[in-house]
Amino acid sequence: MSIVSPWKQDFPIFSSRAQPNLCYLDSAATCLTPKHVADAMLHYQCFSHANSHKGLYQLSANVTEKVEHAREKLAEFLGAQHANNIVFNSGTTEALNMLAYSYVEPLLIKARRDNNADQKNIVISAAEHHANLLPWQRLAQQYGAELRIVPIDEKGQMNLALLSTLLDNNTLVLAFNHCSNVLGQFNPASKICRIARSKNITTIIDGAQAVAHGPVNVIEIDCDFYVFSAHKLYGPTGCGVLYAKGDLLEQMRPYQLGGGMINSVDFNDSDYVSGPLKFEPGSHNVSSIVGLVEALDYLNYISWPEINKYIDNLSHYLFKSLSELNYFKPLLASDIALADFKSNKRPSLYSFQIEGIHCHDVASLLDSENVAVRAGHHCAQPLHKSLGVNASIRVSLGIYNDFSDVDKLVNSLNYTYQLMAIK
Amino acid sequence: MPVNSQVSKPNDSQRLKAKQQHQLYQQALLTHHKKPVGFEKDVTVHSEAEGYNAACGDEISIGIEIEFNKVKAISFHGDSCAICRASASLLCLNLPKLSKIEAASLSQQIVLSIEENITVIGELADKFSPLLAVQQFPVRKQCAILPWATFSRALTSLE
């Protein structure tokens with residue numbers, strides 16, 4: 001296997017006129033864009049753009065076909081039963097807020113009418129991104145329901161024994177991440193959904209970080225909802241996907257109201273269309289949808305086994321290199337995490353601290369060496385607090401990274417430590 | 001290290017970037033970071049305030065001891081970045097012996113000069129120039145301001 005990324009040249013940001021020396025280690029925040037994706041979006045916008053699902057002319061019909069074709073591609077990527085199970089939106093955050101409003105809140109409204117809203121609960125894990133915490137927290141506060149938090153175990157995964165005790169007849173929904181944006185660990189989604197299913201509890205999976213590892217099989221996982229963003233998959237920002245099982249979309253009230261989502265309207269009432277269009281009012285973000293499809297085609301062309309083998313190898317080198325630094329403090333005990341990696345999927349991101357240096361200073365000094373990492377709480381403040389820290393440095397890999405990036409990171413960390421550490 | 005790994009040489013803009021960052025972490029500031037004045041100092045706290053920087057997780061607590069309407073001593077606690085620590089250290093070094101009004105005024109002046117990139121001259125420049133280098137680094141301004149804003153809140157609560 002090559003130790004220099006064979007795909008780096010596909011990313012124009014590394015060209016000599018842009019950032020040839022950029023060491024980008026923040027793909028968990030957003031992936032850089034391959035030329036194929038940027039070109040496809042530009043080509044669409046320049047030569048094919050029209051409003052989808054509305055015009056009666058050929059140009060519009062072609063765009064409608066593009067969007068519906070994209071829905072089929074996404075259904076295939078997620079292993080969904082049908083393209084009608086796929087809703088396009090602006091990203092994971094919107095999808096989770098939509099589910100809170102469209103699916104869970106009506107259940108709480110009904111419970112309030114029955115005078116038992118305060119007995120209801122919503123369950124999430126302790127390792128959630130704020131996007132999968134705040135919508136539930138607000139709902140719980142509004143209706144006097146309980147927000148239950150499942151702790152994580154020493155491997156950084158949801159504690160399944162405690163999960164079982166927290167789910168009960170009054171649980172409205174279980175929302176959890178497929179892969180943590182801080183710890184990089186995959187939750188055993190199928191097992192978790194099986195536990196929830198045995199108690200008739202709806203499951204929502206935040207797949208934002210997991211999709212970078214390849215296609216998902218929502219049928220096998222047996223979740224009710226699965227959401228992710230295109231830009232975590234080398235696609236554009238402003239585009240996301242929601243999968244809803246079976247006819248769940250029909251049970252949900254629309255999130256936003258506008259054009260293209262009705263059968264008929266008068267001044268007194270409206271009749272909404274069924275299926276995904278009920279949740280896609282207004283004009284579709286077609287260029288971003290085109291970009292997402294192109295990203296999927298690009299990654300499929302490389303082949304997912306090839307990508308995962310490459311990232312796995314690089315991830316191993318990264319973790320080994322970091323572990324050898326005597327000032328490296330991983331958020332999870334490294335011996336436990338390492339042992340688990342041998343039998344589990346290896347994370348493509350690591351969060352850690354440097355002994356005696358604040359994370360913000362580390363990120364600033366790495367930036368001075370053109371090494372881009374994330375520092376802070378990564379929109380997972382409660383998780384950091386539960387791990388006993390305020391902040392961490394997160395390093396995450398993409399297909400453009402190679403061994404030289406890891407070496408550069410380590411050299412820059414050594415320099416930072418020499419300059420800044422309080423010993 | 002793998003034999004085939006390729007590390008590109010830095011270009012001019014990167015060298016400039018690195019040099020600028022080093023200006024931020026200049027020696028004077030690093031000295032305050034590594035040996036901060038007032039850090040976890042034992043003072044009789046008459047007023048205290050806590051400050052938090054959500055962007056990077058800086059947490060600081062400032063305690064003020066007052067005697068005869070003047071700031072007698074200041075201490076700070078917490079987990080914060082080098083810029084925040086050094087800023088707090090400069091605060092603890094320079095504000096004691098000032099009257100409450102003088103301390104509030106100086107504190108406001110420092111915050112304003114950082115926020116608005118206002119050049120200071122004379123004694124202020126001598127005392128605070130290492131800190132004011134942060135003017136060139138917008139994302140780090142909030143780190144430098146946090147101790148001063150927290151101090152101001154602690155001072156106000158005395159009234």
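I began with burial: a residue is buried if 20 or more other C-beta atoms lie within 10 Å of its own, exposed if 12 or fewer, and partly exposed in between, with C-beta atoms placed from the backbone. The model is predicted, so I noted that local features need pLDDT of at least 70 and side-chain atom pairs count only at pLDDT 80 or more, while totals for chains, interfaces and linings use all residues. Residues are numbered from 1 along each chain as its sequence is written, and chains are lettered from A and ligands numbered from 1 in the order in which they are written.

**Entry 1: residues with positive phi**

I looked up A:Asn370, whose phi is near 65°, a positive value in a residue other than glycine. Most residues other than glycine have a negative phi. A:Asn370 is found in the loop between helix 12 (359–368) and strand 13 (371–372) of chain A. Helices (H or I, at least four residues) and strands (E, at least two) are DSSP runs, numbered from the N terminus. Is A:Asn370 buried or exposed? A:Asn370 counts as buried because 21 C-beta neighbours lie inside 10 Å.

In chain B I turned to B:Lys97, which is not a glycine and has a positive phi of about 85°. B:Lys97 sits in the loop between helix 3 (82–94) and helix 4 (100–116) of chain B. With 12 C-beta neighbours inside 10 Å, B:Lys97 counts as exposed.

**Entry 2: the domains of chain A**

I read the domain bounds, which come from an automatic or database domain assignment. Chain A is given domain 1 (8–25 + 303–420) and domain 2 (41–296). The C-alpha centres of domain 1 and domain 2 of chain A are 29 Å apart. Two residues are in contact if their C-beta atoms, placed from the backbone, lie within 7 Å. On this basis, 22 residues of domain 1 of chain A are in contact with 20 residues of domain 2 of chain A. On the domain 1 side, the elements that give two or more residues are helix 10 (304–323), helix 11 (334–343), strand 12 (349–354) and helix 13 (381–386) of chain A. I recorded the residues of that side as 13 nonpolar, six polar and three charged. Here Ala, Val, Leu, Ile, Met, Phe, Trp, Tyr, Cys and Pro count as nonpolar, Asp, Glu, Lys and Arg as charged, and the others, Gly among them, as polar.

**Entry 3: an open sheet in chain A**

I followed an open sheet of four strands in chain A, with the order 11-12-15-14 and antiparallel pairing. Two strands pair if DSSP finds at least two bridges between them. Which strands stand at the edges? Strand 11 (328–330) and strand 14 (374–376) of chain A do, each with a single partner strand, so one side of each is left without a neighbour in the sheet. Strand 12 and strand 15 (residues 392–396) of chain A pair in the antiparallel sense over four bridges, and A:Phe352 has A:Ile393 in strand 15 as its bridge partner. Helix 10 of chain A lies across strand 11, strand 12 and strand 15, at about 10° to strand 12 of chain A. Axes are lines fitted to C-alpha atoms, for helices over the stretch in contact, and angles run from 0 to 180 degrees between N-to-C directions.

I examined strand 7 (residues 225–229) of chain A, which is largely enclosed by the rest of the structure because five of its five residues are buried. In a regular strand the side chains alternate between the two faces of the sheet. In strand 7 of chain A, A:Phe225, A:Val227 and A:Ser229 are buried on one side, and A:Tyr226 and A:Phe228 are buried on the other. Strand 6 (residues 202–206) and strand 7 of chain A pair in the parallel sense over three bridges; A:Ile205 has A:Tyr226 as its bridge partner. Strand 7 also runs antiparallel to strand 8 (residues 240–244) of chain A, joined by five bridges, and there A:Tyr226 stands opposite A:Tyr243.

**Entry 4: chain B**

I found six helices and three strands in chain B. Of its 159 residues, 34% count as buried. B:Asp58, in strand 2 (residues 58–67) of chain B, is buried, with 26 other C-beta atoms within 10 Å. Leaving aside neighbours within four places in sequence, the contacts of B:Asp58 include B:Cys81, B:Cys84 and B:Cys143.
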